[in-house]
Amino acid sequence: MKPRFYQAALLPAICLLLLPAAAFAQGKKGEDENVRMVQGTVTNAKDNLVAGAVVQLKNTKSLQIRSFITREEGTYYFHGLDQNVDYELKADHEGASSSVRTLSSFDSRKKPVINLKIESKK
């Protein structure tokens, strides 16, 4: 009977000792080295922040498009982006658009800021 008791008590103790080592090896709270985000603001031709603009993010590899509607401060953000893919960003508001900006895979920043400016309707 005694050997089984020690085996049953030993297994949880070993797990408790290994848990901090596994968490340390993972790095900061599950932060993936190959994932990044992009953020920025959308302004109009008069440099006013634009709330309610639709910012589109296009993955140039898969052609998938994600959208974000800017907040009251004119801000947007996309997270969980692959660092090995180029992305195109564009903003639209009330029939006017910004020029297309590219987030390059050669840009090594984890949190780049790309501000978009909506040109007035022509």
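The side chains of K117 and D47 pair up in a salt bridge, 3.0 Å from N to O (a side-chain nitrogen of Lys or Arg within 4 Å of a carboxyl oxygen of Asp or Glu). K117 sits in strand β8 (residues 116-117) and D47 in the loop between β1 (35-43) and β2 (54-59), so the pair ties together parts that are 70 residues apart in sequence; strands here are DSSP runs of E, at least two residues, numbered from the N terminus.

This is a predicted model, where local features need pLDDT of at least 70, side-chain atom pairs count only at pLDDT 80 or more, and totals for chains, interfaces and linings use all residues. Residues are numbered from 1 along each chain as its sequence is written, and side-chain values use heavy atoms, leaving out hydrogens and water.

**Salt bridges**
- The count comes to 3 salt bridges.
- D47 is exposed at 53% relative accessible area, while K117 is partly exposed at 34% (buried is under 20%, exposed over 50%, partly exposed in between, with a 1.4 Å probe and protein chains only).
- D107 and R109 meet at 2.6 Å, N to O; D107 counts as buried at 18%, R109 as partly exposed at 44%.
- K90 and D92 meet at 3.9 Å, N to O.

**Around D86**
- D86 lies in the loop between β4 (75-82) and β5 (87-93) and is partly exposed at 28%.
- Leaving aside residues up to four places away in sequence, D86 touches K58, N59, T60, L103, S104 and S105 (heavy atoms within 4.5 Å).
- The D86 side chain reaches the backbone nitrogen of S105 at 2.6 Å.
- D86 and T102 are 16 residues apart along the chain, with C-alpha atoms separated by 6.9 Å.

Terms used
Helix = DSSP H or I, 4+ residues; strand = E, 2+ residues; numbered from the N terminus. Polar contact = N/O pair within 3.5 Å; in protein donor to acceptor, adjacent residues only side chain to side chain.
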